[in-house]
Amino acid sequence: MFQEEELVKRTLQGDTKAFEELVQQYESKIYALAYRYMGNEDDAYDMSQEAFIKAYRSLRSFKGHSSFGTWLYRVTTNVCLDELRRRKRRIVPLSLDEPLATREGDEVDKEIPDNTPTADILYEQKEFSQYIQDLLDQLKPDHKTAIVLRDVLDLSYEEISEVLNCSIGTVKSRISRARETLRKKIVERELLP
Amino acid sequence: MRCEQIKDLLSPYVDEVTSEKENKMVEAHLAVCTECRKEVEGLQRLSAMLGKLQAPDLPPGFSDDLHRRLLEEKTTFFGPRKIRQPRKQSWIAASVAAVAVAVGIFASSVLPVGSLVAWWQDRDKEQTRKPSVAIHDLIQRIYEQPLTPDVTEPGTSVIPDPAAPVKPGNTGGSSEPVKVADNEPDKVPSVQVQPRYSDNYTTRIFVQDAGTSTDKVIQLAEARGISYNTSGAQEITSLSGNRRSIALKVNRNQVDEVLGQLKDLGETNAPLHNTIEVTDQFQEVEENLAKLQQARDKLAGKEGLSAEEQTRLQELNGEIVEWNKKKAALEKDSDMVTININLVENGFDH
């Protein structure tokens, strides 16, 4: 951690190489994170680059209240979500977990016809990872973010609450909701008990 | 206690972030409710599944691209604040020198360049930093940097300070960059490579003890002279079942046999077979080799090389050897099949 602080300090003094050392420590994780948000390699590449550049530009606003890593995840999350929001304005995808409101104001679960193949075929088609990614993509952004940070990046609840700037209670409930939605979908495909 | 009251606690329970009191509530309920037990098991497996999702490797040129963008950023971000503006002519010379030195230091500090395929060995060391490939800088130096006589020799560890005032003596009389006879950047040789693919299998095995099973996989690998990678083998402990990962590199004709043997370890999922296109990696190696060779030939064909040029020639020859090694390793590598084995403990045996 001290080393990171030192590198941040040196970067602020104009030493790009110090920043590149920070990049080396995090590039794989940031890329993995962006890949989960964006769902494809090209976008993941662009968003990771963007995240590092943005972090570099706004490094002065990093006050060291959290670790540099947590801050960087936050920057990356924002870059990706901004991009997704920007695209959403053009295409409106169906969300899996956002309930539909009925005329009476009650919420009902959406029934999205699931055209994905059954477990055996999935394995045969070697599309399992893509299948999970597709399910992740259908989650609400908040839920997706929380579950990706938890289960893909293995961050603690405290770290996630820092990245998302929300309470641990909110983190718990978002993860719980996201998992429940995914679990139900996967159980239908008999990939889970 | 009814299921609805307990449901919201199951996910935090799986992550072990519930309080003592909540744990007791959950466990008391699980003892009597098959449905919720099943759900907990499902959540654990889901978590493990997500944790093991295969993300593509970081594309090889990532650091280089970023490096270039950062240099651009630096000039706008730090430039105006840091650089005092002396007389225009010497300012230009100083900047050219500073950039050349900076590039030299960057390139030489990461040479010998890390290997594209060395990742396989490197993964054994979790903390090993990813090598940056500074080849572009090297090429840039050769193609695009005008020679300045006062440029510090490559490899000299002088930190260029953009804020440092320019000493007239340093640039006096030689502020004009010396022109190299054929200063025009050469055309980058175009290289076409055949599409190349690499195969991998991913399998998940439910085992009693992930540690013992990892050892068994290692024994199996060692007995057959198979190389293995244990960077994922440190145990990830959580209620969602302890898990470890290990990867094997096997010959194509060994795949079925090895997969068959792994079944002895426990309940095994049908392995997922993935084919990854690795043409890009080959393309990059070939392109770099072509560029390096072109640059080398150009220098080698020149008469009366300066000391600096001779150093470059040596560097280039060294680089060519390195990249040929990489190419050989890459070829060998793509003929092999990777088997990723995820050992997941049956976490919930109440």
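Residues are numbered from 1 along each chain as its sequence is written, and chains are lettered from A in the order in which they are written. In this predicted model local features need pLDDT of at least 70, side-chain atom pairs count only at pLDDT 80 or more, totals for chains, interfaces and linings use all residues, and side-chain values use heavy atoms, without hydrogens and water.

**Exercise 1. The interface**

Describe the contact between chain A and chain B, with its residues, area and polar pairs.

Solution. 
- Start with the residues. Chain A gives 50 and chain B gives 50; contact means heavy atoms within 4.5 Å.
- Next, the area. About 4900 Å² is buried between chain A and chain B, and carbon and sulfur atoms give 61% of that. Buried area is the accessible area (1.4 Å probe) that two parts lose on being put together, summed over both.
- Then the charges. There are 4 salt bridges between chain A and chain B. A salt bridge puts a side-chain nitrogen of Lys or Arg within 4 Å of a carboxyl oxygen of Asp or Glu. Asp15(B) forms a salt bridge with Arg179(A), with the closest N and O atoms 2.9 Å apart.
- Now the polar contacts. The rule finds 13 residue pairs across the interface, both residues at pLDDT 80 or more. A polar contact is a pair of N or O atoms within 3.5 Å; within protein, one must be able to donate a hydrogen and the other to accept it, and residues adjacent in sequence count only if both atoms are side-chain atoms.
- Last, the helices. H2(A) supplies the largest share of the side of chain A that touches chain B, 13 residues. Helices are DSSP runs (H or I, at least four residues), numbered from the N terminus.

**Exercise 2. A glutamine in a helix**

Is Gln49(A) buried or exposed, and what does Gln49(A) touch?

Solution. 
- Gln49(A) lies in helix H3 of chain A.
- Check accessibility. Gln49(A) has a relative accessible area of 4%, so it is buried. Buried means under 20%, exposed over 50%, partly exposed in between (1.4 Å probe, protein chains only).
- List the partners. Leaving out residues up to four places away in sequence, Gln49(A) touches Phe62(B), Asp65(B), Leu66(B) and Arg69(B).

Key: Helices (H or I, at least four residues) and strands (E, at least two) are DSSP runs, numbered from the N terminus.
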